[in-house]
Amino acid sequence: MALTLQRNIILALLIAIAAAAWSLLAWQQIGPDAAMPMGISLTMGMKAPLFLAVWMIMMIAMMFPTAAPMILTFHQVQAGKQGRGETFVATWVFVAGYMLVWGAMGILAFAGAAGAEMLAGHVGLSAATAARIGGVLLMIGGAYQLSPLKDLCLGKCRTPIGFILTSWRDGQWGAVRMGLEHGLFCLGCCWLLFLALFPLGIMNIAAMAVVTLLIFAEKTLRSGERIAKVSGVALLLYGATVLVAPQALPTFRPMDAMMMN
């Protein structure tokens with residue numbers, strides 16, 4: 001099979017899987033089980049297994065489009081090796097390693113959300129205080145967008161060929177290791193943008209779409225690094241606004257405190 005056709009098939013699969021994930025998330029938000037007001041509970045009232053399942057669907061929806069250039073580059077190199085009679089490793093092995101990183105992040109996210117809910121219930125946070133904590137989180141996310149560590153991780157994610165040249169490993173386990181390593185760079189690039197979803201509403205489809213477009217623009221556009229800086233300033237200003245006016249946060253409910261499990 002020609003390499004161009006292989007690349008088109010993989011790209012079509014990535015887009016189809018991501019589209020299916022977005023459809024599931026939209027159905028979860030507007031479907032018959034969407035009785036819980038958006039963002040009141042950090043864990044969405046879910047136990048760990050269901051939270052992690054929803055989290056992984058979110059990661060597939062948001063990260064498959066942004067990781068597509070790296071995935072296609074990995075396959076291109078593997079196809080070249082196969083053409084030379086060398087050992088071929090399927091692309092899904094690399095993708096599996098990549099998604100392991102996001103699965104681990106989901107476990108940490110659930111632990112943090114559940115802990116925050118317990119603490120909020122124990123100290124009796126008001127809705128305004130909870131919203132202001134969300135504002136602080138947004139400001140931390142904005143500051144990270146301007147940090148040297150963000151620049152380092154974004155630089156690795158913006159250049160698939162550079163990653164291939166510096167991080168290539170042969171064999172099945174090598175592909176898993178490469179997926180893990182690339183996933184860690186993506187995590188370092190985006191993790192605070194995902195944490196910002198908690199104050200904005202973890203199932204807020206509009207916020208998820210904005211974050212996905214932002215990550216895609218940072219990674220693929222010529223002006224991606226400048227876009228990251230501008231978004232950092234915007235998050236800082238928005239977080240400061242929430243500190244002054246908590247009602248600026250879409251999850252703010254003046255009559256409710258943060259839900260306890």
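Which residues do ring pairs link into a cluster? Keeping in mind that what you see is a predicted model, the cluster consists of Phe51, Trp55, Tyr98, Trp102, Phe110 and Phe194.

Let me put that in the setting of the aromatic pairs in general, of which the count comes to nine. In one of them, tryptophan 102 and phenylalanine 194, the ring centres are 5.3 Å apart and the planes stand at 70 degrees, and because an angle over 60 counts as edge-to-face, that is the class this pair receives. Tryptophan 102 belongs to helix 3, residues 91-123, while phenylalanine 194 belongs to helix 7, residues 171-195, so the pair ties together parts that are 92 residues apart in sequence. Tryptophan 102 has a relative accessible area of 0% and is therefore buried, and phenylalanine 194, also with a relative accessible area of 0%, is buried too.

A further edge-to-face pair is formed by phenylalanine 163 and phenylalanine 185, with 6.4 Å from centre to centre and 85 degrees between the planes. Here phenylalanine 163 sits in helix 6, residues 160-167, and phenylalanine 185 in helix 7, so that the pair links parts of the chain 22 residues apart.

What surrounds tryptophan 102, if we leave aside its neighbours within four places in sequence? Its contacts are Trp55, Met56, Met59, Met63, Gly183, Cys186, Leu187, Cys190 and Phe194.

That brings me to the largest nonpolar core, which has 74 residues, and in which Trp55, Met58, Met63, Trp102, Phe194, Leu197 and Phe198 are those with the most contacts inside it. The element that gives the most to this core is helix 2, residues 48-83, with 15 residues. As a general point, nonpolar side chains in soluble globular proteins tend to be buried together.

Turning to the whole chain, there are 10 helices and zero strands, and buried residues make up 47% of the 261 residues. Of the contacts with a separation of 6 or more, 81% are accounted for by residues 24 or more positions apart. The radius of gyration is 20 Å, which agrees with the value near 18 Å that a compact globule of 261 residues would have, and the C-alpha atoms fill a box of roughly 65 × 40 × 25 Å along the principal axes. Finally, the chain exposes about 12,500 Å², with carbon and sulfur atoms supplying 72% of it.

Note on methods:
Residues numbered from 1 in each chain as written. Predicted model: local features only at pLDDT ≥ 70, side-chain atom pairs only at ≥ 80, totals over all residues. Heavy atoms only, no water. Core = buried A, V, L, I, M, F, W, Y, C linked by side-chain atoms within 4.5 Å. Buried < 20%, exposed > 50% of the residue type's maximum accessible area, 1.4 Å probe, protein only. Helix = DSSP H or I, 4+ residues; strand = E, 2+ residues; numbered from the N terminus. Contact = heavy atoms within 4.5 Å. Phe/Tyr/Trp six-rings, centres within 6.5 Å; stacked < 30°, edge-to-face > 60°. Rg over C-alpha atoms; globule rule 2.2 N^0.38 Å. Areas by Shrake-Rupley, 256 points an atom, 1.4 Å probe, with all protein chains shown as cover.
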